[in-house]
Every structure is written in C-alpha cells, then in structure tokens.
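Let's walk through this model together, one question at a time. Have the sequence and the coordinates open as you read.

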There are 4 protein chains.
Amino acid sequence: MRQTMRFLSDNTASVCPEILAALSEANRDLMVAYGDDPWTGRLDEVLGELFGTESRAFAVATGTAANSLALATVTPPYGAIYCHPEAHIAVDECGAPGFFSGGAQLERIAGEQAKLTAEALAATLDAHSVSVHSVQPAAVSISQATELGTAYRPAEIAALSEVAHERGLHVHMDGARFANAVTYLGCHPGDVTWRAGVDVLSFGATKNGALGAEAVVFFNPGLVRDFELRRKRAGHLLSKSRFVSAQLLAYVESGVWRRNAHRANQLAQRIGGAAGNRLLHPVEANEVFVELGADRKASLRAAGFEFYDWGPPASGAARLVASWDQDERHVAALCAALAAL
Amino acid sequence: MRQTMRFLSDNTASVCPEILAALSEANRDLMVAYGDDPWTGRLDEVLGELFGTESRAFAVATGTAANSLALATVTPPYGAIYCHPEAHIAVDECGAPGFFSGGAQLERIAGEQAKLTAEALAATLDAHSVSVHSVQPAAVSISQATELGTAYRPAEIAALSEVAHERGLHVHMDGARFANAVTYLGCHPGDVTWRAGVDVLSFGATKNGALGAEAVVFFNPGLVRDFELRRKRAGHLLSKSRFVSAQLLAYVESGVWRRNAHRANQLAQRIGGAAGNRLLHPVEANEVFVELGADRKASLRAAGFEFYDWGPPASGAARLVASWDQDERHVAALCAALAAL
Amino acid sequence: MRQTMRFLSDNTASVCPEILAALSEANRDLMVAYGDDPWTGRLDEVLGELFGTESRAFAVATGTAANSLALATVTPPYGAIYCHPEAHIAVDECGAPGFFSGGAQLERIAGEQAKLTAEALAATLDAHSVSVHSVQPAAVSISQATELGTAYRPAEIAALSEVAHERGLHVHMDGARFANAVTYLGCHPGDVTWRAGVDVLSFGATKNGALGAEAVVFFNPGLVRDFELRRKRAGHLLSKSRFVSAQLLAYVESGVWRRNAHRANQLAQRIGGAAGNRLLHPVEANEVFVELGADRKASLRAAGFEFYDWGPPASGAARLVASWDQDERHVAALCAALAAL
Amino acid sequence: MRQTMRFLSDNTASVCPEILAALSEANRDLMVAYGDDPWTGRLDEVLGELFGTESRAFAVATGTAANSLALATVTPPYGAIYCHPEAHIAVDECGAPGFFSGGAQLERIAGEQAKLTAEALAATLDAHSVSVHSVQPAAVSISQATELGTAYRPAEIAALSEVAHERGLHVHMDGARFANAVTYLGCHPGDVTWRAGVDVLSFGATKNGALGAEAVVFFNPGLVRDFELRRKRAGHLLSKSRFVSAQLLAYVESGVWRRNAHRANQLAQRIGGAAGNRLLHPVEANEVFVELGADRKASLRAAGFEFYDWGPPASGAARLVASWDQDERHVAALCAALAAL
C-alpha cells in the first residue's frame, strides 16, 4: 500500500511532547480566566528574557490573529501598510488586515526573495505624496522567514526600519517561522527584532511544535495602546488562557523553539541539496522551492508525496516544506526521488 | 493557611480527562491543516447525530468568535440584532457583534429572568417602522442557559422563533451553557434548537470541560453562506484544526457534555438550596444569584470564597458559579457558609 | 382641486433667498478645490464669532454625515455612545454611527421629553463595570432641539457634561434644529454649547433654509484629531467646497439662521395652541406632537394635510412640523382644522 | 498685478448657468424629502434615455461616494477589487473602498496609459488561486477617462468585461470624466458602458459643470441590492434630494454634459498641441501631461499658471487640466508659454 508522505506545510505537524506535557501540567485546579492566571502572568518576563529586552507579550491562537491585531493596533483605518506582494497578510489571510483595521490599504512593494528593501521602501514612499486624499503611511510588515523560505539579515531589517521610522511608520514582523529564521542566521532573537528596529512581532509557535499559540510581542511598549480591547472584541482573548500561555512558556523555556526549528531547517537543507539546480530560491529556513514541471510533479505525487504547487497549477513550481516532526524515512525517500528525477 | 475556593466562573475550570485524552490521541502523524483533517471531517455527522437533524458545524476556539461569526453571517452591516440587555453579546464581548458585522446595531428588549418573550419581541418590532432610515431587523439572539442561570422552555423558544421568522428575522442561540440548560430541562438537544426554530447555535464546550472549543451549528444550511470566509478573515480558522475538532468530538461522543453539566447543575442546586430565600433567580443551570449585602459578601470573601459581584459593587448581589470540576469540599464549605449567614 | 399642505418635515422646505444668492455669488472664477477656497477659509472665524469662542468648523452636506463623523472622531470602534432611545442617531440613520466608528455600540437611556438627564447618565454609567469585556464609554450624544421638539436648558446640558467629563466621555450635540432651540431659549449659542460643556456640535442649516449644509464644530480643538481624514474617506469632502461653505456663511452672517427659526417656531406655537389639550409634549421648537386618534388623522389627511404618524400607525399620535417657509394660509387652515376636531 | 491662471483641476470649475438655473427652478414649494420628489422620480427615466437602456440611477454629492457605494454594493468585505495603480480609488480616496466595503482589498494591475487590459486581468486572475485563504475576486474598476487623460475604446472595455464576467466579477466604471471620454470617442454613452459589459457606472457631473452631483447608474438592476441602505447609512442620502437630482436632470437634458466636455477637450487639445513633444500621454480627454523639468515648471508658475506636479515634486512632470469654464485668454497664454519654453 502506498504511503502518504506530507510536505505540504508545517501546519500539518503534530504538537511536540514538551508542549503537550505543559498542557497537562497546566490542567490542575480552577484558575482565574481571561489572562489572570500564573502562566499568562509570566509571558512578559519569559519572552523579555528570550529577546533580551523589556517587552509586552500577548497570546493568541492563530497567526492571522497575531498579524492582524498587531497591524490594527499601529494602523488607523485610513492607513497604508507596506508589504511584499507574496506576504501572508496580502495573499493568505482573506483580507484580515482590512477587517481588523477597519479598512487599511495594503501597498505592495516587489523585491527579490520575497524581501522588501530599504531602497524600494524609500522609493515607494517618495513616489506618493501624502495628503488628505491619500491613505496615510502607517506600517511596514515583513515576514521572517519570508514566504519564499529566505531570511532577512539583521542589517537588512535595520535599514528598512530606519527608513520606516524616519517617516513615522511602524515596523511589524510576521514571525510565523521566526524560529527557523533565527536558527538559520545563528543570531540572537533580539538581533533581527528590536535591535534592528522592529516595533511589534508576531512570534509564531504553532508551525514549530505548538498546538495553537502565537505571541504578539511589542518591543515598543508605547504602541500597545488598545491591543487588549482589540483582541477581546475580535474573540481572540481565550477564556482558559492558561492553556495558550503554557504552550508559549514551554516553547521558549524548554528550548524546543530552537531544537524543532533546527531539525526542520536541516531537513530542508537535505531536500534542497537533493533538488540541486532545480532550486528556485536559496534554502534558508524550512521551505524548499523547486522548478519541476508538470510531469515530474505528477510522478512525485504518484509516489505518495504531497506538496503544494507554487503559483498557478500550470506552472512547474512546487513548494516542499519540512516540518519539525517529519519522518526521517519520508525525507530520505523525497531526497532520493528528487535526485532521481 | 487560608484556601482559595473559586466560584467565579466556569471559565476557571480545567479540561476534563476525556478531552485531554482526545488531544493526545489526535497528536499523531502529519495531518492536512485548516479543516481537511479526519476529525473536522466528522463534525457535521457527530453534531448532526446529537441534534437529530442534518446540520453544518464549524469549530472555533472562543464563544465570542462563535456568537459574532454566527450573527455576522445572518446580519447585514445595517442590520439590527434583538437581544436581552443582559446578553453576553451586549455586555461582555467588547462590541464584537458590531465589529464582525461591520456595524450592526444591538436593540435591547427587557424581560424577566434574562429572557426575551415572543410578546415583547413582537411589540418591539411593531413599534419601529422599517424604512431606509432605520436599521433593518435581521436577527434575534437568545442565551440558553440565560445570563441569569435560567433556561428557556422549548415552547418559549418556539414562540419567539415564530415571531422572528414571520418577520424575516433569523434566530441565534448563544449556547455557552447549552449543556447545562438541556440537562436541566431533561429534553433532547433538538427540542430547544431546530425543533423550536433556532437557525444557528453557538454550541459551547469550553466552560463545560473543553480546553477551548465551540461549534457554530447551522440548522438551516441555507444560512451558512460565507461563514467560512468570515471565520478565516477573523483569524478563527485554526491551522491545526484537528485539535479543536477532536475536543468537540470527544465532548459529544464520550457523553461528558451531559455528565459535566449534570454535576455542575447539581452543585448549583445544593448551593441554591443553602442560599434559601436569598436567591434572586430560580437555579436552573449552574449559576446561583444571591442577595447578600456588602457585609456578608465581605465575610464570605474573607473565608476564602471567590465570586463576582453582580451589578455595581455597591449592590448586594453576588453570582456563584459551579464548574464541572468544582471540589466537593469547597461546595460543602460554601453551602455551610451560606446557611450560616 | 384639493391642495396639498405639507407638515411632514422641515426637510421639505425650500432654500431661503439669502442662501441661494450666496451660491450665485460664489459661482465665479476657478477656485481651488477641496477646502482651499476663501469661503471655507472663513468658516472657523465666522462660526467662532457666532459661538463666541475659538473653534474649528468643518462643512458637510448632511446631518447624518455630521453626526457620524463627529462621533467616530471621539469614539473608538469598541466604544459606547450614550443617547436617548428616540435619538436620530439611534432611530433614523440606518446604523451610521456603527458604520463610521467601525462598530461602536449605542447605549440607550430613557428620559422624559426625549432628554437625557445627568442623573440617568450617572446611574447608567455606575451600573456597568468597565473592563476588557465591555465596550468603553466614550461619548454622550444629545439632540438640541430634541426629537420631541423640546429644548435642553443650559443647566441641564451643563449637568450632563459634568457627569460625562468626570468619567472621560465627550459630549456631542446633534443640532439639526439647533437654531430652533436657541431661538426658543432666547440664549446665546454659546450658552447651550461650549459654555455648557459640549465638545462637538453638529450645527444644522439644511432644515432651516440651506440647500444641503451642516457644520461639525469642535469647541475642543484637541478633539479634531483625524476628522479631516475620516471626512475624506467617507466621501464627505466636497470638491467644490466653496458652495457648501458659502451656504454656511450666508446662513450665519445674514442672520437667517435666527429669522427662519423664529418664524418656524412661531408657527409651531400657533399650531400647538390650536391643538390645545391634544398636545403630547410642550411646543418649544418647530415640532408639534398631538394625540389625534386614527379617525381624526384620516380626516385631516382627507383635507389635504400631510404629516407623519408618530409611533406605530395604529397609535393615534401625529407629528406636525412647521418649516421656515410654511405657507401662512396652510398654517391658518391647519389651526382651524385642529380647533374644529 | 500678476493674474492667477488655474489649470489645477476641473474641480476648480464653477457651476454652469443651466445647472444653476435648475437649482433656482427646483426651489419652490415644500417637497417630500429623501428622494420622494418629482426630480428624483425622473432620474431613472432620463438617465435610461441617455444610455439607451433601462437602468437604475441614484444621486449622491461626491465622486468618492459614488465609487465607494457602487463598489461596496458589488463586493463583499472579503472581496478583491482589481484596478490600475493610478486609479482614483487607489490613490485619491483615502481608503474609501476599504471603508465602505468593510475591508475589501485593492489589487493593482499595471498597464499603459493608466488602462487595464483584458490580458493583464486574465493573467492576474490566473496567477492567484482562490480559496478560503484568499480574498475573493469580486469587481474590476476602470476609469473613463483614465487618470492619465486617455479613453478606453469600446472594444477594450468589452474585452475586459468578458474576462471579468466569465470569472464572476462585476465591472465598475469610475466616470468622473465620463462626458470627456464619450465626447472624445464620439460614441454613444451606451457603447462604453452597458453594451461593453459595464455593470455599474459612477456618472460624474461635478467636474463638468455641476455644483455637486454624481449618479450611480446600475445597468444590471439585479445588482442594486442594498445600495439605498448603504447610501443612507453613509450619510449620502440628501434630505433635500430635489436639488441634487435637479442638477443631474439639467446636466443631461440641456445637453451641457456634452457641450461642456467638448469645450474642455478642445482646450486640452490646444494645450497639448502647444506642448508638442513634451507630451507624456496622448491627449484624449481634458487633461494634458507634460514633461517640463523643474526649471520650466518654476518659470510657468512664476508667470501665474497653477498646476499640479505629477509624481514626486522632484520629477519634471506636470498635469494641466482644462475646465469647461476655462478663460480663453488663460488658455491662449498657457499655449504661448508652453510654445516658448
């Protein structure tokens, strides 16, 4: 019988044992709800320690919620949010930024490897005069790792932030795969966030081993403003908040954030190596983009591999994602299959 | 040392073993994300069986999300939603119905025991002419059990639904404590929902033993419309959806929905009995409302009991909630303390 | 042939000659658009003089726009706006406050003669605890004259404002019939606005002789905030803004604001006198509410009088509105008919 | 003394005599408000005759209102609206489409002369898979004349509409300068609208001689849906609606729509001729785009000519707009100045 080998997305991954254990451990006694529990009470401290700076951290269950709540907090309803055309917020969130902000407009800026550059941001801002007729530039949102599996270097982010801050924009980072980027870069989590000017981060844990937990981390406490009210009215304040906070604490304190990302990245490197010159982008995090053509995609699928087309189905591109819990044998099989193509 | 005995809310409760086990059991293999997993695939069937009718069920993590998404799906942005002044949607959701719907207006209708009556609904609708100047009556939302711990009888709901449907309104039920109401009434879940004309139900599990899981159940499949798009853009489509669906399946299939509610209700009956003539409302579900006065509240608190004031702090009313996992000794202590007042 | 005699609404009125002349006078040369014209440039000064204080004034074409833009500027999307159940914003604007604010919730407070009282406001605010779960009290909106044709006294407004300001709420006045109220009271326009604590006023001109012109007047310049951006994105910044500003200047500077209101009020007094003990409310501005019963309403209509039912058609109440340009003979005929009933 | 000669925008223009006369003529008697007047009652018929087909027409006072209300009526809050990057809705309306629709996302498609092509639209739609994660393609919006003063040919529009309709999108036309385009093309108004597949048109009159009047014209009556409720709750239903409808009737019935546009276009042709090879785009409607360089712009301004930079001030491009009422001597002076550069 043919076996299914999934390289669709790190959202297919299971929950890692450390986090499942934390849920069980938190499951004792009656606890005050809506954030007044001891786990939630430690979030600021534990994430502040991870990042090496004082910060405010708020737990939510999904990445779309984290991104949209962060952006809506720093963007007025008539604001503009600058992002890459491939950004998750632009392509994969069903218009959530517009919904949460009450109408803010996305402005796309193209760039290699799904990255914004400081130069392109400056040029875009220069080209549009701001008046009562225009949307008001409010935020830049970048993804770390990017949607094409690459990682911004600290200096790239710092340059972007400098342009943004000079002109009064805030910097948001969609860190759904933040651990993968930091692990690849071998840097301190602070190096690609607050030290590089990031104001607010969606710190993802779900894809990398949690059940459903993301933190919105404000490095600029002055920006927290009405975040908690926005979270509540969007239905994203969990009543039994201990369980989402406990996931985040375990994710950070046990070190699985780095261990899981490290394994996923290593697997992606092996897959990328096997793909050879079919690679479309450098493999930096845990995603591998390959040009295969329709026939080779079909034959991989026939062999039991699941993955998404990248771009229109008619194109030959495919995305292969390595999850933290990917079966070693599936990876070996995929590498062999890619090498044999 | 003084012990804390919490009667604040059923949101303080832990996760019941059956549901925690279901999470562990679901934690195997890589599974397709965003609802294409086998657990989510069984939701319609399992909830349909519970209710005894075909229905469509969608999982979300919070009650506010369930209520607001259900209401926004059946209410245009210029619509009116009729509810009791004590309704959770009116008082405890930070304006979520207005946010999700894009501006719909809440119209409150007073009533005994936090219930709407068919007569009051009809009178309210009669009193307001509908034109291009007015909001457009779109939905009625009732809570089962109510915010005052009482339960609508099937005939009460049917009468309300008849008035609503005659005039083109849809009927939503906030069932955050649905199991408590049904258990109290001793009826079939269908008797107070689709058989009584309810179009869409927020079927709560979180308060009654789940970690964070509610289902929006449409008994009128024609109303599902764009629910899934609304859920996604609100950040309420969980990527690892198996884990929220698995909670709901375990909740229903293991029978804990009824067992937990039964225990909580029984405890509330005991507390209510001990409160005697201080009771403000009949105890039907798992909430007990008592008139204590400021001094007696203070002395209960000094003895280690936690509970919320009901109404302004200066009033003498208190709300005591029995959770499914309430410690037997705490209940006994509370009953003794109430009797001794 | 039977003649139609309209007492439906002061919205049926024509444009008074002074204002029509002002439109013609402004119709020369090419003028910079969107507010950079000399007429708009004088708005602040002319309205500031009228009110006897520095203020910022912004022109729009409709009362709904004025009210909603004013309220949205001082109310966050999770805010609460307190108003009378009869308020135009609650009953006659198709949910506009919810739309413009992005979801703010209306909280109704009952009161005699369609007035809020300081006591009722304080009691309502006291009764609702504010937390992350609740909407956040943000604004009080009162109508001057009220929807029942009565006028708040300066002291009534000052008392309300005091309660509001103490608790951090802003005070908005819907002045669709502001001139009628001020004329009745015989007071200075400042007495019922900034001197009594009003923060922002919808200063109506349309009903009282303009073509389509209202000013949003901020007495508290710190509240102007993003008003101009909100006006623009709502499509309420007129390109040929000179023509709406010219109406407002003529309305104030020629004194027709007072002259027209005076005539309309006087006619209403005569009608009220003729109605005798059928009057439902004191006649203070230009509206007359009478209890007639279905038969008398039908016979008045048969005689050519047009007016609206007040409340459900089955009720016997009717509203008779005197416009600034009401035909003297129609008024005489109406008085005679009322007296003869 | 130096004279100011304005070529800033056709929004600087005055009201043409025919339309001012119509306002005076409508200014008699008390008329039922909010659209139940005889002028408004004739809109459908008069515009239907102009376009040669049955249609539904609704009056508003501004172009932003017309565009946004039209788009919000055919686009859900999670919808996508495709437009050119230069589109007025994308650049000059302060995010109005996002506001009115409740969050719809603008997707820009580049194209020569500020035009979308059928091919580019098809390619864009092909490149984005539609799922619950994406915004849902809902509408295409094109400007006629375009933001660069060019006019779509009937066949270009028909090809676009075919692509749009095949995929379930509706076609909106921003006709702020519709008369200029039709006059240039010498075609029937129906040829570039319903006969070419346009579903809903913002039919502009303000720039071309009205005081403040635009019509939203639905050629597909099935799309009118809740337009009137959306207009009301946005504050765009004028109480004294006779005055906006009377403008539109006079604009169409007197033929000034064509006469004014003809004159403005002719003046633009002269200016374009004088600009010679400095022209950046073909002159088709009443706008002239020229590459002048900073020094020549400064010297023109020193000579009394007012116009806008096009693009960033540092660029050398300028936009010169001919209004219907442009002074003949100013045009002659401008032509001479351009020729002398």
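A salt bridge here is a side-chain nitrogen of Lys or Arg within 4 Å of a carboxyl oxygen of Asp or Glu. This is a predicted model, in which local features need pLDDT of at least 70 and side-chain atom pairs count only at pLDDT 80 or more, while totals for chains, interfaces and linings use all residues. Residues are numbered from 1 along each chain as its sequence is written, chains are lettered from A and ligands numbered from 1 in the order in which they are written, and side-chain values use heavy atoms, with hydrogens and water left out.

Q: How many salt bridges does the rule find across the interface of chain D and chain B?
A: The contact (heavy atoms within 4.5 Å) takes 15 residues from chain D and 15 residues from chain B. By class, the chain D side has six nonpolar, four polar and five charged residues; Ala, Val, Leu, Ile, Met, Phe, Trp, Tyr, Cys and Pro count as nonpolar, Asp, Glu, Lys and Arg as charged, and the others, Gly among them, as polar. Six residue pairs are in polar contact across this interface, both residues at pLDDT 80 or more; such a contact is a pair of N or O atoms within 3.5 Å, where within protein one must be able to donate a hydrogen and the other to accept it, and residues adjacent in sequence count only if both atoms are side-chain atoms. For salt bridges between chain D and chain B, the count is zero.

Q: Which helix gives the most to the side of chain D that touches chain B?
A: Chain D and chain B bury about 1400 Å² between them, with 68% from carbon and sulfur atoms; buried area is the accessible area (1.4 Å probe) that two parts lose on being put together, summed over both. In chain D, Tyr78(D), Val132(D) and Leu229(D) lose the most area to chain B, together 42% of what that side buries. Helices (H or I, at least four residues) and strands (E, at least two) are DSSP runs, numbered from the N terminus. With five residues, the helix that gives the most is H10 (residues 227–233) of chain D.

Q: What area is buried between chain B and chain A?
A: Here 48 residues of chain B are in contact with 48 residues of chain A. There are zero salt bridges between chain B and chain A, but 31 residue pairs are in polar contact, both at pLDDT 80 or more. Carbon and sulfur atoms carry 60% of the buried area, which is about 4100 Å².

Q: Is Arg231(D) buried or exposed?
A: Arg231(D) forms a salt bridge with Glu228(D), the closest N and O atoms being 4.0 Å apart. Both residues lie in helix H10 of chain D, three residues apart, about one turn of the helix. Glu228(D) is partly exposed at 36% relative accessible area, where buried means under 20%, exposed over 50% and partly exposed in between (1.4 Å probe, protein chains only). Arg231(D), at 8% relative accessibility, is buried.

Q: Which residue of chain B meets Asp44(B) in a salt bridge?
A: Side chains of opposite charge can pair when their charged atoms come close. Asp44(B) sits in helix H3 (residues 43–51) of chain B, and its partner lies 12 residues apart in strand S2 (residues 56–60) of chain B. Asp44(B) is partly exposed, with a relative accessible area of 26%. The N to O distance is 2.9 Å, and the partner is Arg56(B).

Q: How many residues of strand S8 of chain D are buried?
A: Strand S2 (residues 56–60) of chain D pairs with S8(D) in the antiparallel sense over five bridges, and strand S7 (residues 200–204) of chain D does so over five bridges too; strands pair if DSSP finds at least two bridges between them. In a regular strand the side chains alternate between the two faces of the sheet. On S8(D), one side holds Glu214(D), Val216(D) and Phe218(D) and the other Ala215(D) and Val217(D), all buried. For S8 (residues 214–218), the number of buried residues is five of five.
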